[in-house]
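This report describes the sheet and the helices of one protein model. Please keep the sequence and the structure in view while reading.

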Amino acid sequence: MPTDRRTFLASSALATAGLLTETSRGFAANDVLQVGLIGTGGRCRQLVKSFAGLPNVKITAVCDVWDQNLAEGQKVADPKAFATKQYEELLARKDVDAVLIGSPDHWHVPLTIDACRAGKDVYVEKPLTHDLSEGKAVIAAQNETKRVVQVGTQQRSMTHILKVYELLKAGSIGKVHKVHCTWNRNAARAGRFKDGIDPKTVDWKRFLGTAKAQDFDPYRFRQWRWFWDFGGGIFTDLMVHWIDVVHWFLDLDHPATAHSIGDFYSAKDVWETPDTVQTLLRYPDKDVQVYFEGTFSNNRNGSMLEFMGTEGTLYVDRGRYEIMPDRDKKKPEPSALILGTDQRKGLDFYDKPDGELLHLLNWVECVRDRSKKVNCPVEAGVGSASAAHLANQSLRTGQVATWKA
């Protein structure tokens with residue numbers, strides 16, 4: 001039978017509301033949790049919109065290498081918030097208990113490690129790592145300092161996806177051997193634009209960090225996701241969300257092999273990372289194949305994944321799930337749960353559930369009560385990012401990439 005939508009939403013709301021009255025071993029519910037923002041660009045400010053739903057949380061410091069982002073960060077922070085271009089100054093402050101890291105990918109691990117060592121709890125955007133070699137160090141930093149670190153793959157906190165997890169674990173679609181994931185867009189953002197950023201307003205050397213020395217490029221600065229020094233293209237920016245769900249549901253850590261292809265159809269001579277990609281990831285120890293496709297030239301299927309079981313298929317996107325029996329199979333019974341107001345499938349974002357708020361709530365709850373575990377710890381973030389890095393390794397070499405412990 002289909003899940004009753006109102007009952008499910010009501011129970012989820014009550015569970016979330018319980019956070020607002022709970023005391024804890026960390027910060028009591030009526031204590032103010034002081035948060036610093038590191039990297040106050042568009043993604044960070046999108047997350048901050050959810051702060052209104054977080055109990056007793058105040059933004060007391062902001063940091064960014066660009067004057068404009070820093071000024072925008074100050075607008076969403078406490079009026080007396082400290083502002084700096086040097087994150088070390090933010091981490092040294094006693095009025096910062098935790099940090100939200102919204103920097104480009106190549107800074108995620110260095111900032112997370114330094115924040116942990118400074119005694120701060122961390123919410124860090126995905127992908128956690130920028131390179132396979134970074135995984136062990138960031139796991140060690142989390143564990144040695146006993147800080148609470150949440151990686152920002154918010155699907156792990158979405159109510160309907162939690163329900164899907166239960167359904168799959170209960171064997172609703174039989175044994176899963178194949179998973180299909182997509183993140184397809186038809187977007188003009190692949191084109192190069194003219195940007196009149198004054199280089200004097202950007203600490204470019206600090207932005208580069210450990211990346212190779214290069215002249216300031218406003219396009220690379222703003223569109224860093226599509227350049228190897230700072231991001232990893234579609235695999236690390238988009239695929240990592242669904243691979244994280246696949247790993248979680250099927251108890252996977254990393255693929256044994258990746259076989260990828262990539263081409264330029266909408267961003268030729270603009271991006272370094274291909275705008276159209278496919279990869280086949282194999283997990284032979286669990287008898288699982290995962291196939292991902294992504295493009296900026298067509299949005300068929302949009303953003304979704306399908307778990308293909310021996311009895312049926314589980315379709316999931318950010319606003320719904322559907323259970324479909326295999327042809328000529330009597331079970332499972334067809335069912336669906338649609339949370340998003342927009343009925344279309346595969347959209348990047350839906351109004352319900354508010355995954356960002358739920359994921360941040362989970363983080364704050366664990367900061368307050370340190371006996372609880374975050375939904376996406378560092379180990380999970382390293383694992384999902386590793387699949388994207390292996391896919392990119394195959395893409396860039398033109399060979400099948402093999403996991404090396």
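## A term used below

A residue is called buried when its relative accessible area is under 20%, as computed with a 1.4 Å probe. The model discussed here is predicted.

## The sheet

Six strands form an open sheet, with parallel pairing, in the order S3-S2-S1-S4-S5-S6. Strand S3 (82–84) and strand S6 (149–151) are the edge strands, and each of them pairs on one side only. From one strand to the next, the twist averages 20°.

Within this sheet, strand S1 (residues 33–38) pairs with strand S2 (residues 57–63) in the parallel sense, over six bridges. Ile 38 is found opposite Cys 63 in S2.

Helix H3 comprises residues 67–76 and lies across S1, S2 and S3. Relative to S2, helix H3 runs at about 165°.

How many of the 10 residues of helix H5 are buried? Helix H5 (residues 108–117) is mostly covered, with seven residues buried. These buried residues are His 108, Val 109, Leu 111, Thr 112, Ile 113, Ala 115 and Cys 116.

The elements that cover the buried residues of H5 include strands and helices. Among the strands are S1, S4 (98–101), S5 (121–124) and S6. Among the helices are H4 (87–91) and H6 (135–145). After H5 comes Gly 119, which has a positive phi, near 85°.

Conventions
Residues are numbered from 1 along each chain as its sequence is written. This is a predicted model: local features need pLDDT of at least 70, side-chain atom pairs count only at pLDDT 80 or more; totals for chains, interfaces and linings use all residues. Side-chain values use heavy atoms; hydrogens and water are left out. Two strands pair if DSSP finds at least two bridges between them. Helices (H or I, at least four residues) and strands (E, at least two) are DSSP runs, numbered from the N terminus. Axes are lines fitted to C-alpha atoms, for helices over the stretch in contact, and angles run from 0 to 180 degrees between N-to-C directions. Contact means heavy atoms within 4.5 Å. Buried means under 20% relative accessible area, exposed over 50%, partly exposed in between (1.4 Å probe, protein chains only).
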